[in-house]
Amino acid sequence: MSTEQQHDADAYGQELARISHHQHEATSARFAVFQALAAVGIGHEQADDIVSKLEAGAVAGAHTWISESSPPHTSEPQFEDGWFAGVRDVASYLLRIADTTATAGRGRAASSAIVVAHLQQPASSAPEEVPAEDPAPAPVPPLYARRVLAVAEGFAWAVAAPGDRQWPDGEFLDVALSAVRTEEREGYIERLEAFVEERRVRLEELLRAYGPGSRPASRGRYALVGQPETLVILERMETHPFGLRSQWEKELETVLLDDLEFAWGPRIRLSR
């Protein structure tokens with residue numbers, strides 16, 4: 001690696017660290033807001049609407065700031081044309097993010113309440129008072145896993161081209177499906193299809209921003225983005241996040257899941 005490449009890599013690493021810091025601070029602040037709203041009797045759905053609108057407004061503020069920016073003085077006309085074209089592209093992308101953010105926060109207030117209640121439970125040293133662990137999920141039938149994968153692969157706009165796909169052994173799919181409770185398996189494929197269709201814009205943006213060929217992916221990160229099984233992982237991340245991470249930590253290193261959580265921006269960030 002050349003000195004210039006090393007400098008670029010270091011600078012990008014510092015950017016990721018700063019973004020990660022802001023993400024962490026935002027998650028903590030969101031928890032505090034949900035607690036405050038709950039304390040004054042605001043219901044979960046209304047709290048989700050309030051916070052989503054605040055977050056969408058923050059993105060809209062960035063849109064305004066970008067839209068009003070100007071190229072350096074004494075710039076050449078061609079440079080100015082390129083500048084304003086880039087500003088329009090970035091502003092349009094921010095507008096789409098604001099639109100999505102305004103409606104994508106469903107369930108976060110309820111999830112926050114669950115996490116807070118769990119953290120507030122007093123610790124018990126008596127063995128008989130320790131809650132029993134959830135029963136182990138039934139093994140995932142191979143035929144069932146193949147059916148789910150075939151459905152996921154059908155969403156060509158949400159997954160990478162076949163040449164960019166990895167892990168043919170199905171390890172990640174098996175772990176994700178193990179977080180699907182036995183009673184959920186009937187009708188799960190239909191629910192997965194509905195989940196993907198409802199989040200089409202968000203999934204397309206995820207693939208463009210973090211999928212194969214993107215700058216973040218070129219650094220060796222976000223390797224799950226664009227894989228068909230990742231649609232199942234994302235569905236579980238929103239529907240049963242604790243179960244997914246519990247199963248994942250039993251079988252796999254968490255770095256890929258942590259990266260996917262960061263890129264997706266889930267209801268609850270469970271990575272440590």
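Predicted model: local features only at pLDDT ≥ 70, side-chain atom pairs only at ≥ 80, totals over all residues.
Helices here are DSSP runs of H or I, at least four residues, numbered from the N terminus.

Residues are numbered from 1 along each chain as its sequence is written, and side-chain values use heavy atoms, with hydrogens and water left out.

**H6 against H11**

I looked up the geometry of the pair. The axes of H6 (residues 171-178) and H11 (residues 241-251) come within 8 Å and cross at roughly 140°; axes are lines fitted to C-alpha atoms over the stretch in contact, with angles from 0 to 180 degrees between N-to-C directions. The crossing is right-handed, i.e. the near helix is turned clockwise from the far one by less than a right angle.

Which residues make the contact? From H6 I noted Phe 172, Val 175, Ala 176 and Ser 178, and from H11 Leu 244, Gln 247, Trp 248 and Glu 251, taking contact as heavy atoms within 4.5 Å. I get 5 nonpolar, 2 polar and 1 charged. In that scheme Ala, Val, Leu, Ile, Met, Phe, Trp, Tyr, Cys and Pro are nonpolar, Asp, Glu, Lys and Arg charged, and the others, Gly among them, polar.

Next I checked burial in H11: Pro 241, Gly 243, Leu 244, Arg 245, Gln 247 and Trp 248 are buried (under 20% relative accessible area; exposed is over 50%, partly exposed in between; 1.4 Å probe, protein chains only). Their cover includes H6, H10 and H12.

**H7**

In H7 (residues 188-198) I found Tyr 188, Ile 189, Leu 192, Phe 195 and Val 196 buried. Seen down the axis, they fall within an arc of 120°, so they line one face of the helix; the arc is taken from directions from the helix axis to the C-beta atoms. H5 (142-153), H6, H8 (200-210), H10 (229-239) and H12 (255-264) are included in what covers them.

**Two single residues**

Leaving aside neighbours within four places in sequence, Asp 259 touches Arg 221 and Tyr 222.

Thr 74 sits in the loop between H2 (44-67) and H3 (77-103). Its phi is near 70°, a positive value in a non-glycine residue, and at 80% relative accessibility I log Thr 74 as exposed.

Note on methods: Helix = DSSP H or I, 4+ residues; strand = E, 2+ residues; numbered from the N terminus.
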